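Reader: Could you take me through one part of this model up close? I'd like to know how it sits among its neighbours, with a bit of the overall picture first.

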Amino acid sequence: MRDWAFALPDVENQHSLASVPGARAMVMHEGAECNHDAFMIGREIAHIHPHPDNGSMHVQLPKDDALEVVEKGWGEHHTLVDLGRRPVGLVMVYSPRDEADLAIIKSILGRSYDYATGTRLAA
């Protein structure tokens, strides 16, 4: 998952500005044209948590996609969303348990990337 996420065009693998030490952030390259509503902080669109939460992540999504993630049980709204301090879109996605979960997680990360870039990743 990490290799796939950090190989996306214009994505840099950096320390997260919003998470615990060891979290790796998907940060859009400074020169890439992006939708700034897709950023959590700086140019960070998602970050993957380190052990022991190995593989869970926070991602910024369009509202409808975030609602679908929560409705289908793939994740939950970020605490700041529940407190009314961030709009619906910031979600915590659960760690993948198997290959089927991994495919779902990649599609969620792909939507976050699409939201940031205004493009559509090939399926």
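Author: Let's settle one term before zooming in: a residue counts as buried when its relative accessible area is under 20%. By that cut-off, 41% of the 123 residues in the chain are buried. Keep in mind that this is a predicted model.

Now the overall picture. The chain has four helices and six strands, and going along the sequence they come in the order α-β-β-β-β-α-β-α-β-α. The radius of gyration is 13 Å, close to the 14 Å that the globule rule gives for 123 residues, so the chain is as compact as a globular protein of that length. Its C-alpha trace spans about 35 × 35 × 30 Å along the principal axes. If you count contacts with a separation of 6 or more, 44% of them link residues 24 or more positions apart.

Who are its partners? One is strand β1 (residues 11-15), which pairs with β2 in the antiparallel sense over five bridges. To find your way along that pairing, look for N13: its bridge partner in β2 is M26. Another is strand β3 (residues 44-48), joined to β2 by four bridges and also antiparallel to it. Here a handy landmark is A25, which stands opposite H47 in β3.

Conventions. Residues numbered from 1 in each chain as written. Predicted model: local features only at pLDDT ≥ 70, side-chain atom pairs only at ≥ 80, totals over all residues. Heavy atoms only, no water. Helix = DSSP H or I, 4+ residues; strand = E, 2+ residues; numbered from the N terminus. Rg over C-alpha atoms; globule rule 2.2 N^0.38 Å. Buried < 20%, exposed > 50% of the residue type's maximum accessible area, 1.4 Å probe, protein only. Contact = heavy atoms within 4.5 Å. Pairing = 2+ DSSP bridges.
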